[in-house]
Every structure is written in C-alpha cells, then in structure tokens.
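Hi,

Here's the structure I promised to pass on.

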Amino acid sequence: MTRRSMTRDEILALIPELSDEALAVLTEAGIVQPVLGAAEPRFREIDAARLQLAVDLEEIFRLDPDGLALVLSLIDQLNGLKREMQAVLGALAEEPPETRARLRRVIRETRILRVQGE
C-alpha cells in the first residue's frame with residue numbers, strides 16, 4: 001500500500017468541485033488536518049476521501065462546515081464501531097461451537113430484556 005501525500009494544488013485538481021476557499025474553510029473546521037510539510041501542508045489519501053465526502057454532503061444537504069464536521073464525526077464513530085464489531089466477530093469465530101451458541105443465547109436474551117424494558 002502506497003502512502004502518498006498531496007499538495008494543496010494536487011488535492012484541488014483531484015476534487016474539481018472543491019474551491020481553494022472551501023478547502024480553507026473545511027480545514028479550519030477540522031474536517032481534514034493536513035500534515036505540515038517542510039514547504040507547505042500535505043494532504044493524505046484519507047483527507048481526499050473526507051473532502052470528497054464533505055463536498056458531496058454539502059451539495060446534497062446544504063450543510064455548513066460545523067454541520068459537515070458533526071456528520072463526518074458521526075461517520076468516523078460508526079466506522080470505528082464497525083471495525084470493533086468485526087474484531088469481536090472474528091474473535092468469536094475462533095471460539096468452540098458451544099461457546100458461540102451460549103453467547104448467541106445471552107445476546108438474544110439481553111436484546112429481548114432491553115426491548116421489554118423500554
């Protein structure tokens with residue numbers, strides 16, 4: 001996997017819908033945090049993905065920079081939880097069948113109790 005960083009001009013060329021002013025606003029809002037290079041800030045591939053998503057969300061939902069930062073923060077949290085869930089499921093897959101069955105039963109009972117308690 002190649003870890004490449006981009007200059008401001010390269011990121012603007014990669015995302016034509018993104019203006020120089022919008023990049024400054026999104027950076028100021030903390031949506032991306034470019035790495036400070038020797039000569040100028042550098043943007044990582046993850047920054048490019050976040051900027052493209054921010055541009056798409058802004059266009060569709062007309063969110064301001066604070067709204068975009070909130071939505072992207074929630075997406076980050078959701079992705080983190082998905083990675084944690086995948087790790088837990090991977091660990092459970094390594095357990096013996098009886099352990100997995102017991103855990104399924106406990107989870108089912110816990111979910112039913114929670115629904116009944118609401």
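**What I found**

Met85, Val88 and Leu89 make a nonpolar surface patch of about 280 Å². Accessible areas are from the Shrake-Rupley method with a 1.4 Å probe, and for residues only the protein chains shown count as cover.

Some background: this is a predicted model, with local features needing pLDDT of at least 70 and side-chain atom pairs counting only at pLDDT 80 or more, while totals for chains, interfaces and linings use all residues. Residues are numbered from 1 along each chain as its sequence is written, and side-chain values use heavy atoms, without hydrogens or water.

Val88 lies in helix α4 (helices are DSSP runs of H or I with at least four residues, strands are runs of E with at least two, numbered from the N terminus). Val88 counts as partly exposed because its relative accessibility is 43%, between the cut-offs for buried (under 20%) and exposed (over 50%).

Now to the core. There are 17 residues in the largest nonpolar core, and Ile11, Leu18, Leu23, Leu26, Ile31 and Leu51 touch the most other members. α1, α2, α3 and α4 each give two or more residues to this core, with the largest share, five residues, coming from α3. A nonpolar core means buried Ala, Val, Leu, Ile, Met, Phe, Trp, Tyr and Cys residues joined through side-chain atoms within 4.5 Å. Leaving aside neighbours within four places in sequence, Leu26 is in contact (heavy atoms within 4.5 Å) with Leu18, Ile31, Val32, Leu51, Ala54 and Leu68.

In α3, the buried residues are Asp47, Ala48, Arg50, Leu51, Ala54, Val55 and Leu57. They pack against β1 (5-6), α1 (8-14), α2 (20-28), β3 (41-44) and α4. The end C-alpha atoms of α3 are 24 Å apart, which agrees with the 24 Å that its 17 residues should span at 1.5 Å a residue (1.5 Å times one less than the number of residues).

Phe61 is found in α3 and is exposed, at 55% relative accessible area. Arg62 lies in the loop between α3 (45-61) and α4 (65-93). Its phi is positive, near 55 degrees; most residues other than glycine have a negative phi. Arg62 counts as exposed because its relative accessible area is 62%.

Cheers

How values were computed: Buried < 20%, exposed > 50% of the residue type's maximum accessible area, 1.4 Å probe, protein only. Patch = residues over 30% accessible without salt bridge, like charges linked within 9 Å, V, L, I, M, F, W, Y side chains within 5 Å. Salt bridge = Lys/Arg side-chain N within 4 Å of Asp/Glu carboxyl O.
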